[in-house]
Amino acid sequence: MALDNSPKIRQARDLERKLGRRGSYDRILIVSEGSKTEPNYFDEIRSSLRLHTANMVVRRCETGTAPLQVVQYARQLFLESDRHRRILAKAFDQVYAVFDRDEHDSYFNALQLAESLDRKLKNDNRHTIPLKAVPSVPCFEL
């Protein structure tokens, strides 16, 4: 008898849920200097690549537009939870601070601070995370 090849058994085997094969995406926090251009740009990238919003959070800097303020705010958002913005403490695998070169006095201090924080912070899984400064020279719109 060939019971293992009967239509009922074949159908049950075909209807079983398959195991997922794709690994999870990194959770990314992007903090930008601008309030419209940069967040809209990154949201378009996220939607065109079909990334879920839980994997990529784009926020504008609430403390100012100077590059040093953007890097400090990115660090603060990573380390402290903010329930109003649905951000949990240390819940990201990568953090990016996006700012323009323009004529800011704190440009080089921001680059230095980001470099000093890179691979020094640990997330909720106790992995070191990259905190990268992403400067645009002369400005993001170009």
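The accessible surface of the protein is about 10,000 Å², and carbon and sulfur atoms hold 49% of that area. The model is a predicted one. Of the 142 residues, 35% are buried.

**Fold and overall form**
- The protein contains four helices and six strands.
- Read from the N terminus, the order of elements is α-β-α-β-α-β-α-β-β-β.
- The radius of gyration is 21 Å, well over the 14 Å given by the globule rule for 142 residues, so the protein is more spread out than a compact globule.
- Along the principal axes, the C-alpha atoms occupy a box of roughly 85 × 35 × 25 Å.

**Nonpolar cores**
- The largest nonpolar core consists of 22 residues, and L29, V31, V71, F92, V95, F99 and L131 have the most contacts inside it.
- At least two residues of this core come from each of β1 (28-32), α3 (67-79), β3 (94-100) and α4 (107-117).
- Helix α3 provides the largest share of this core, with six residues.
- Leaving aside residues up to four places away in sequence, V71 touches A97, F99, A110, L113, A114, L117 and L131.
- Seven residues form a second, separate core, with I28, I30, V58 and V98 among them.

Methods: Residues numbered from 1 in each chain as written. Predicted model: local features only at pLDDT ≥ 70, side-chain atom pairs only at ≥ 80, totals over all residues. Heavy atoms only, no water. Rg over C-alpha atoms; globule rule 2.2 N^0.38 Å. Buried < 20%, exposed > 50% of the residue type's maximum accessible area, 1.4 Å probe, protein only. Areas by Shrake-Rupley, 256 points an atom, 1.4 Å probe, with all protein chains shown as cover. Core = buried A, V, L, I, M, F, W, Y, C linked by side-chain atoms within 4.5 Å. Contact = heavy atoms within 4.5 Å.
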